[in-house]
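Good morning, colleagues, and thank you for the time. I would like to take you through one protein model, from its overall layout to a few individual residues.

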Amino acid sequence: MRGMRALVVATVAAGLLVASCAGAGQAPAAAKRVIYMSAVEYKGSTEVAKEAFPAAKVPEGGGYILKEPKDGKWETSTYRWEPGQIVVYQGDEVELQIWGVNGADHPSRIEGYDKTFNVKRGQLTTLSFRADKAGLFRILCDVHNPSMTGTLVVLPR
């Protein structure tokens, strides 16, 4: 979690630096930002003969999956938002177009923005809102946490 916070802080700092350099410290004019996202599941597998099955317990929440060895192989997977971080400016109209690739159902929300939505496999979910509050806001899937957590970064204007 610390690594993720450091990454978010570094991204926000970089965004603020870029904003301060562009147009003598002026952020671009408010605009409509259309962002394309996907709900994905990364999978991996290996043979038990090549790599031992992990002994560590999988974190709770449904975002990480570890399947016991079968036919000499074991599998692992995790759910994620792609991209995992969205950066906009305060005042922008934001439209998220989210395609459901894996996982039948992703009931989700953006903390601090009182926005809920549900992404389903093979369907496009569109969520529109004005980014009226600056800060960092988590984008959470309530079924596949903690791994399916993204960040909405709203830079101050």
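This is a predicted model: local features need pLDDT of at least 70, side-chain atom pairs count only at pLDDT 80 or more; totals for chains, interfaces and linings use all residues.

In what follows, helices and strands are DSSP runs numbered from the N terminus; a helix needs at least four residues and a strand at least two. By that rule, Pro 83 falls in the loop between strand E3, residues 73–82, and strand E4, residues 85–89.

Let me begin with the overall layout. The protein has one helix and ten strands. Read from the N terminus, the order is α-β-β-β-β-β-β-β-β-β-β. The protein has 157 residues, and 33% of them are buried. If we take the contacts between residues at least 6 apart in sequence, 66% of these join residues at least 24 apart.

I turn next to the backbone, and return to Pro 83. The peptide bond that runs from Glu 82 to Pro 83 is cis, and its omega is near -5°. Where else is a cis peptide bond found, and which residues does it join? Asn 145 and Pro 146 are joined by one, with omega about 5°. Pro 146 belongs to the loop between strand E9, residues 135–141, and strand E10, residues 149–155.

Asp 71 has phi near 55°, a positive value in a residue other than glycine. Asp 71 lies in the loop between strand E2, residues 64–70, and E3. Is Asp 71 buried or exposed? Its relative accessibility is 76%, so Asp 71 counts as exposed. Asp 114 likewise has a positive phi, near 50°, and is not a glycine. This aspartate, Asp 114, sits in the loop between E6 and strand E7, residues 115–120. With a relative accessible area of 74%, Asp 114 is exposed.

Val 94 is part of strand E5. Why is Val 94 classed as buried? Its relative accessible area is 2%, and buried means under 20%, so Val 94 qualifies. Which residues does Val 94 touch, leaving aside those up to four places away in sequence? They are Arg 33, Ile 35, Val 88, Leu 127, Ser 128, Phe 129 and Ala 131. Val 94 and Val 34 are 60 residues apart in sequence, yet their C-alpha atoms are 6.1 Å apart in space.

Now the surface. Trp 99, Val 101 and Leu 124 make a nonpolar patch of about 270 Å². Val 101, one of the three residues in that patch, is located in the loop between strand E5, residues 93–100, and strand E6, residues 105–110. Because its relative accessible area is 35%, Val 101 is classed as partly exposed.

My last topic is the aromatic residues. How many aromatic pairs does a search of the whole structure find? The search finds four. One of them is formed by Phe 53 and Trp 74, in an edge-to-face arrangement with 5.7 Å centre to centre and 90° between the planes. This pair links distant parts of the chain: Phe 53 is in the loop between strand E1, residues 32–47, and E2, whereas Trp 74 is in strand E3, 21 residues apart. The two partners are classed separately by accessibility: Phe 53 is partly exposed at 24%, and Trp 74 is buried at 7%.

A further pair is formed by Tyr 113 and Phe 129, and it is tilted, with 5.4 Å centre to centre and 55° between the planes. Here too the pair links distant parts of the chain, with Tyr 113 in the loop between E6 and E7 and Phe 129 in strand E8, residues 124–130; the two are 16 residues apart. Both Tyr 113 and Phe 129 are buried. Together with Phe 137, Tyr 113 and Phe 129 form one aromatic cluster. Tyr 113 has a charged neighbour as well: the charged end of Lys 133 sits over the ring of Tyr 113, 4.6 Å from the ring centre.

How values were computed. Residues are numbered from 1 along each chain as its sequence is written. Side-chain values use heavy atoms; hydrogens and water are left out. Buried means under 20% relative accessible area, exposed over 50%, partly exposed in between (1.4 Å probe, protein chains only). Contact means heavy atoms within 4.5 Å. Patches are made of residues with over 30% relative accessible area and no salt bridge: like charges are joined within 9 Å, nonpolar side chains (Val, Leu, Ile, Met, Phe, Trp, Tyr) within 5 Å. Accessible areas come from the Shrake-Rupley method with a 1.4 Å probe; for residues, only the protein chains shown count as cover. A salt bridge is a side-chain nitrogen of Lys or Arg within 4 Å of a carboxyl oxygen of Asp or Glu. Rings of Phe, Tyr and Trp (its six-membered ring) pair if their centres lie within 6.5 Å; planes under 30 degrees apart count as stacked, over 60 as edge-to-face and the rest as tilted. A charge sits over a ring if NZ of Lys or CZ of Arg is within 6 Å of the ring centre and within 35 degrees of the ring normal.
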